[in-house]
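This briefing is meant for a reader who is meeting the structure for the first time. Please look over the sequence and the model below before going on to the notes.

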Amino acid sequence: MTVTSEKQGKKKSKTTMDIVLKPNPLDQTCIHPESYDIAMRFLSFIGGTLCEIGKPEMQQKINSSLEKEGIEKTAERLQTTAHTLQVIIDGLSQPESFDFRTEFDKPDFKRSIVCLEDLQVGTVLTGKVENATLFGIFVDIGVGKSGLIPIRNVTEAKLSKTKKRRSLGLGPGERVEVRVLNIDIPRSRITLDLIRVL
């Protein structure tokens, strides 16, 4: 920590501190900040360190510990649930650059359609759900601007059987087939109709 003085003058000098903050290695994992305390207690329990996150040594220590007591007993000892402990174990085990989103299927964009001006009403495209709101579903269709499926166009008949049972909602990362209903180039808006979930 370096302490510097600024503005020497008639008034009392102000002292400011330059503090260098180092990021918490747990910030790079899927572990929620509210569970950091449990994660640190688990690390202490297995004899691991933050430097070992995602390394083979960490996996060995986790496996060794769980072989002795099992996840249920360990969770009880740490005063948490087995589910929370499993998330912590996953976060500590995954390599530093791990991103669960890479496992999502990528949509098949049409190579001939790369910008808003290339779209035509009636064109059928595949896309990936980016966000779901109360008024509609935003879908990336590969033109640099997400299209909107108004919620009225998401009907039970267009969803798979598993979706029908759950809800009429679509979640981020899901692949869909859509039809272009309207293109408003001045306002950069694309209205889509859901054909089916892929």
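Is glutamate 52 buried or exposed? Glutamate 52 is buried, with a relative accessible area of 14%, where buried means under 20% relative accessible area, exposed means over 50%, and partly exposed lies in between (1.4 Å probe, protein chains only). The model is a predicted one, in which local features need pLDDT of at least 70 and side-chain atom pairs count only at pLDDT 80 or more, while totals for chains, interfaces and linings use all residues. Residues are numbered from 1 along each chain as its sequence is written, and side-chain values use heavy atoms, with hydrogens and water left out.

**Salt bridges**

- A search of the whole structure finds five salt bridges, each being a side-chain nitrogen of Lys or Arg within 4 Å of a carboxyl oxygen of Asp or Glu.
- Glutamate 52 is joined in one of these to lysine 61, at 2.8 Å from N to O, and lysine 61 counts as partly exposed at 24% relative accessibility.
- Another pairs glutamate 69 with arginine 77 at 2.4 Å, N to O, and here glutamate 69 is partly exposed, with 26% relative accessibility.
- Aspartate 37 forms a salt bridge with arginine 41, their closest N and O atoms being 3.3 Å apart; both lie in helix α1 (residues 36-46), four residues apart, which is about one turn of the helix.

**Helix α3**

- Helices (H or I, at least four residues) and strands (E, at least two) are DSSP runs, numbered from the N terminus.
- The 12 residues of helix α3 (residues 82-93) should span 16 Å, and the end C-alpha atoms are 16 Å apart, which agrees; the expected span is 1.5 Å times one less than the number of residues.
- Among the buried residues of α3 are Leu85, Ile88, Ile89 and Leu92.
- The buried residues of α3 pack against α1 and α2 (56-77), with contact taken as heavy atoms within 4.5 Å.

**Strand pairs**

- Strand β4 (residues 136-140) and strand β5 (residues 147-150) run antiparallel and are joined by four bridges, where two strands pair if DSSP finds at least two bridges between them.
- Glycine 136 has proline 150 in β5 as its bridge partner, and the hairpin of β4 and β5 has six residues between the strands, with glycine 142 in the turn showing a positive phi of about 85°.
- Strands β6 (residues 175-184) and β7 (residues 189-197) are also antiparallel, with eight bridges joining them, and glutamate 177 stands opposite arginine 196 in β7.
- Four residues lie between β6 and β7 in their hairpin, where serine 188 in the turn has a positive phi of about 50°.
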